[in-house]
Amino acid sequence: MKRFCAVASLLVMLCGCGKKNETLDEALRFRDRLLGGSGCSFDAEITADYGDEVQCFSLSLSADAKGDATFLVTEPEAIRGISGTIKQTGAAFTFDDAIVAFPMLADGQIAPVAAPWIVLNSLRCGYISSAGREGEATRLTLLDSFEDETLMIDVWFDEQWIPVRGEILYKDVKILTLLLENFIIV
């Protein structure tokens, strides 16, 4: 009987390995659309979690076909109008008489304003470590190297495969949360 159970368990596991992961296929189709388009744009409400405090702000981001992005901070009023560019090779920020009081995260490696670009870059080329359903949403977990550490990026999609939420974890701690709206691939 033990031998039968062991063989039956092995067969079930092998059958599962051969089963096509439809969610992963959908994720790869989304990536193909993203990479095949001429760019994308979206709005993001960002929460940076420093452990002892959180800071929130909103921005609009537009990216070209290479993933290079421009952004404009829309909220809060005190920093509205700050704009910048983010590329694989670095970032530049532009503002007049505004002081951005967002300390760096991930041991001083990540500016919170870069969070939407990090999510976008991970969707474009990060390693998809898992894909599955969570209630009505689909969740992708992506791994992306950043400096010497690996970031884990979770992205939730609605029924039409539009990203609606993202989380960035560094050393297994959630440091950034993003609520995404108006995501359009052009």
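Which residue takes a positive phi in the hairpin of S9 and S10? We will get there in a few stops; keep in mind along the way that this is a predicted model.

**Start with the whole chain.** Colour the protein by secondary structure and you will find 3 helices and 10 strands. Reading from the N terminus, the order is α-α-β-β-β-β-β-α-β-β-β-β-β. Of the 186 residues, 41% are buried. If you display contacts between residues at least 6 apart in sequence, 43% of them join residues at least 24 apart.

**Select residues 163-170.** This is strand S9, and 6 of its 8 residues are buried, so the rest of the structure largely encloses it. As you look along the strand, recall that side chains in a regular strand alternate between the two faces of the sheet.

For a landmark, pick Asp 154, which stands opposite Glu 167 in S9. The two strands form a hairpin with 5 residues between them. Click on Trp 161 in that turn to find a positive phi of about 60°.

**Last stop: the turn between S9 and S10.** This hairpin has 2 residues between its strands. Select Lys 171 and you have the answer to the opening question: its phi is positive, near 55°.

Conventions:
Residues numbered from 1 in each chain as written. Predicted model: local features only at pLDDT ≥ 70, side-chain atom pairs only at ≥ 80, totals over all residues. Heavy atoms only, no water. Helix = DSSP H or I, 4+ residues; strand = E, 2+ residues; numbered from the N terminus. Buried < 20%, exposed > 50% of the residue type's maximum accessible area, 1.4 Å probe, protein only. Contact = heavy atoms within 4.5 Å. Pairing = 2+ DSSP bridges.
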